Amino acid sequence: MVKIDLDKCIKCKSCIRDCFPENIILQNDEISIKGPCMMCGHCVAICPTKAISFEGYEDSEELKNLNYNIEADTTFLNFVKARRSIRHFKEKKIEKERIEKLLEVGRFSPTGANVQDVNYFVIQDELEKFKEPIWEGLNNFTNSDINSLVLKRYKDRFINMYENRFNDDKLFFKAPMLLVITSSSKINGILAADKIELMANMMGLGVLFSGFIEMAINHSEELIKKFRLKRNVTCACMLIGYPDISYKCTAPRKNINVEWL
């Protein structure tokens with residue numbers, strides 16, 4: 001519910017100009033809400049006097065207190081170029097405070113129509129309990145009759161991975177934590193996952209986006225129920241931990257495929 005503090009409102013009409021659904025109006029010389037709101041938060045973000053708030057939401061933070069001093073052409077671009085998928089992790093748990101910072105990044109990532117429908121399942125202390133049903137889900141996928149290019153390409157590898165899972169784990173790579181992200185919209189979860197990976201790298205953590213684990217979860221009735229996938233979809237499965245490897249150069253990339261229209 002949108003609340004307007006008329007004592008703070010200076011009637012600058014900034015909220016009216018920035019309201020995409022045109023749901024804010026000036027009526028009887030007062031700012032008011034016309035109908036049901038999509039709760040995008042733009043009116044709160046643009047109000048110079050903090051006269052607008054959402055009931056049940058935390059107070060907004062003033063942008064003037066935020067630091068934007070990140071060099072785009074050097075620091076950020078080089079940071080993106082340097083990121084790698086990590087498959088060598090130290091046997092070290094991730095501190096809860098660091099995990100909470102990662103989730104905070106996800107919380108502020110955009111969602112379509114601001115539905116904020118992204119769910120996070122942090123699996124660290126109970127990871128060993130989840131490994132077997134995930135392995136069984138991958139085995140179910142391997143033995144299915146699904147017409148999949150991934151299955152055709154990796155079937156022999158999946159069989160070998162499953163048979164040697166106790167001696168040479170090529171699925172979890174000793175990562176201390178698995179983050180499963182689900183949503184009613186695939187893109188909402190992926191947007192959050194992408195920013196979480198950037199944050200993790202900035203904090204000295206490494207990430208592996210595991211499509212294999214995602215396929216395994218989607219073929220395990222136990223995990224489908226656990227992650228409530230009857231009404232949501234798996235967006236990303238991220239193995240996260242302290243990397244036990246260091247890369248010296250960027251990975252090669254093909255020329256960019258772009259058309260200037």
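**Note on the predicted model: helix 5 and its surroundings**

1. The buried residues of helix 5 pack against strand 5 (119–123), helix 6 (149–163), strand 6 (177–183), helix 8 (211–217) and helix 9 (221–226). Contact here means heavy atoms within 4.5 Å. Buried means under 20% relative accessible area, exposed over 50%, and partly exposed in between (1.4 Å probe, protein chains only). Helices (H or I, at least four residues) and strands (E, at least two) are DSSP runs, numbered from the N terminus.

2. Keep the basis in mind. This is a predicted model, in which local features need pLDDT of at least 70 and side-chain atom pairs count only at pLDDT 80 or more, while totals for chains, interfaces and linings use all residues. Residues are numbered from 1 along each chain as its sequence is written, and side-chain values use heavy atoms, with hydrogens and water left out.

3. Which residues of helix 5 are buried? They are L127, F130, K131, P133, I134, W135, G137, L138, N139, F141 and T142. An α-helix has 3.6 residues a turn, so residues three or four places apart point the same way.

4. Now check the length of helix 5. Its 16 residues (127–142) should span 22 Å at 1.5 Å a residue. The expected span is 1.5 Å times one less than the number of residues. The end C-alpha atoms of helix 5 are 22 Å apart, which agrees.

5. Look next at T182. This residue sits in strand 6. Is T182 buried or exposed? T182 counts as buried because its relative accessibility is 1%. Leaving aside neighbours within four places in sequence, T182 is in contact with D117, V118, N119, F121, F227, L229, N232, V233, T234 and C235.

6. Turn to N114. It lies in the loop between helix 4 (96–107) and strand 5. N114 is partly exposed, with a relative accessible area of 21%. Neighbours within four places in sequence aside, N114 is in contact with M38, M39, C40 and G41. The C-alpha atoms of N114 and N188 are separated by 9.6 Å, and these residues are 74 apart along the chain.

7. Finally, the whole protein. It has nine helices and eight strands. Its radius of gyration is 23 Å, well over the 18 Å that the globule rule gives for 261 residues, so the protein is more spread out than a compact globule. That radius is taken over C-alpha atoms, and the rule is 2.2 Å times the number of residues to the power 0.38. The C-alpha trace spans about 75 × 45 × 45 Å along its principal axes. Buried residues make up 36% of the 261.
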